[in-house]
Amino acid sequence: MPAARNPSRSKLFRLVTIASSGLGAFVLSVWGMRYAWGSQVAGLPSETVAAVIAALCALAASIAAMSFFAGVDESADYVFNETNFDKLTGLLARTAMVGKIAEAASATARTGRPVFLIDVDIDRFKQINDAIGYCNGDALIRAFTERLTAALPRDVVVGRIGAGEFAILCPDSQVDGSLEATIERTIEDLMRPYPLPSHVQSVNVSIGVVAMPKDGYDPVQLLRRSNLALQNARASGIGSWAVFQPDMGKVAEQRQWVESELHVALERGDFDLHYQPQLDLAAGRIVGYEALIRWRHPERGMIPPADFISVAEETGMIAPIGEWVLRKACIDSRLLPDDCFVAVNISPVQFMTRDFVGLVAKIITDTGIEPRRLELELTESAMMQDRDRAAEILKQLTAMGISVAVDDFGTGYSNLAYLIDFNFHKLKIDRAFVSRMETDTNSGAVVSTIVGLSRALGVRTIAEGVETETQATLLRAAGCQVVQGYLFGRPAPLTISEIPAASAASIH
């Protein structure tokens with residue numbers, strides 16, 4: 001049954017209702033004439049008039065009854081569609097999807113044939129929706145739905161179970177080839193940019209998978225387990241997917257604990273910044289420090305950023321935490337030499353907040369840091385969420401005199417056209433390429449290509465994760481200008497006594 005799009009009555013229903021009302025008014029008027037004129041109405045005996053009125057009343061009652069039951073039937077149809085179908089996409093709603101999962105579980109219990117429940121989620125959809133506006137958010141969901149259904153076998157059941165979350169019931173017999181290949185192909189399709197009315201929008205997708213009957217029969221439990229697998233996939237990186245494992249419940253409990261503690265940690269002052277030096281290879285001196293957040297919990301000790309940054313982004317806590325990091329880094333820059341800058345990582349969620357530029361300007365004014373001594377590190381995914389808006393933000397930051405570095409370059413989007421559209425000053429080569437330079441010639445070739453690209457664009461390069469003298473030598477030979485890693489200094493709290501020693505670091 002198709003989803004109802006309009007709760008209004010049909011034209012026939014309205015016509016019958018109006019006719020019944022008119023007929024009722026006519027009957028009342030005849031009775032009025034009867035009492036006003038006596039026993040003769042239009043020259044007819046009162047008995048004849050009474051018979052005519054009785055017949056008209058019976059006809060009116062019949063039509064009214066037909067109209068009423070037509071309305072009841074239409075109302076029931078509308079209520080069914082409202083409760084079982086998603087109005088925006090026409091897909092099954094969460095309640096109906098639970099019923100379909102129960103039916104599939106019952107069928108697989110009888111036949112033993114596997115059925116997969118696949119949970120697909122647009123990462124940080126709430127933040128995207130807030131940033132691009134609800135109209136564009138609706139357009140994104142519709143385009144995502146069309147692409148999702150087109151990528152799946154024809155007879156699978158698809159439902160929308162959350163704002164940016166979808167569930168798929170796919171029998172093993174419907175899988176074309178292997179499940180792995182199907183999911184990888186689907187992720188690739190879903191992560192292609194979406195042309196919206198106002199701009200081109202990119203999204204990240206995570207997928208969790210459970211299998212019936214292996215992972216159970218209860219539909220609510222199956223949905224919970226598929227969501228656990230999805231959360232595990234999201235923690236693994238962009239465009240990841242995972243199959244449910246029993247120990248994933250512990251991961252979910254940890255994430256729940258982190259979510260509940262983040263606000264308290266910020267108020268309690270658990271967070272601190274450590275700084276890692278960045279060294280100019282040609283000059284042999286430190287030119288900047290990257291600020292890296294650390295969380296020391298009073299009971300659980302040091303908690304790695306990888307364990308709480310993604311949770312902070314999903315819950316919105318990244319905004320106050322990111323503001324605190326930026327403000328403290330600007331204050332701490334007073335401890336650095338005047339010719340050193342401080343680099344601050346900016347979350348994609350924080351970057352796309354409505355007044356990010358205004359926040360940066362206010363912090364610069366409040367702390368008194370010179371804009372040239374502040375560098376903001378952004379990932380490619382941050383800039384690709386809303387290219388037009390990102391380009392405008394980068395333009396404003398550059399106009400303020402702030403340096404912008406593209407972090408983890410080479411691991412994100414393969415479309416390099418954005419390098420022409422965006423204002424930035426530095427490409428940061430990801431540690432994944434640096435760590436393999438000594439054993440993998442292809443990694444060395446990639447690094448040399450990135451350095452050559454940066455020269456053509458007129459920007460500088462920095463390589464992170466440098467841990468050996470050989471890596472540093474290869475980077476210098478490739479033409480990389482700035483390096484960062486354990487070879488030159490580990491992240492540590494910033495103190496005045498440590499600055500001279502750090503500034504004297506050099507490479508031979």
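I'll take the sheet, then a pair of helices, then one asparagine.

First, the ground rules. This is a predicted model: local features need pLDDT of at least 70, side-chain atom pairs count only at pLDDT 80 or more, and totals for chains, interfaces and linings use all residues. Residues are numbered from 1 along each chain as its sequence is written, and side-chain values use heavy atoms, with hydrogens and water left out.

Now the sheet. Five strands form an open sheet, in the order β4-β5-β3-β8-β9, with mixed pairing. The edge strands are β4 (157–160) and β9 (241–243), and each pairs on one side only. Neighbouring strands are turned by 15 degrees against each other on average, direction ignored. Some terms here. Helices (H or I, at least four residues) and strands (E, at least two) are DSSP runs, numbered from the N terminus. Two strands pair if DSSP finds at least two bridges between them. Angles run from 0 to 180 degrees between N-to-C directions, and axes are lines fitted to C-alpha atoms, for helices over the stretch in contact.

Look at β3, residues 115–122.

What does β3 pair with? Strand β5 (residues 165–171) runs antiparallel to β3, joined by seven bridges. There, F116 stands opposite C170, and V120 has F166 as its bridge partner. Strand β8 (residues 205–212) is also antiparallel to β3, over eight bridges. In β8, V209 is the bridge partner of I118.

Helix α7 (residues 219–236) lies across β3, β5, β8 and β9, at about 140 degrees to β8.

Next, two helices. The axes of α12 (residues 356–367) and α14 (residues 387–399) come within 10 Å and cross at roughly 20 degrees. They are therefore roughly parallel, meaning an angle under 35 degrees. F356, V357 and V360 of α12 make contact (heavy atoms within 4.5 Å) with I393, Q396 and L397 of α14.

Last, N136. Where is it? N136 sits in helix α5, residues 134–151. Buried or exposed? N136 is buried, with a relative accessible area of 12%. Leaving aside neighbours within four places in sequence, N136 is in contact with L196, P197, S198 and H199.

Key: Buried means under 20% relative accessible area, exposed over 50%, partly exposed in between (1.4 Å probe, protein chains only). Angles under 35 degrees count as roughly parallel, over 145 as roughly antiparallel, 65 to 115 as roughly perpendicular and the rest as oblique.
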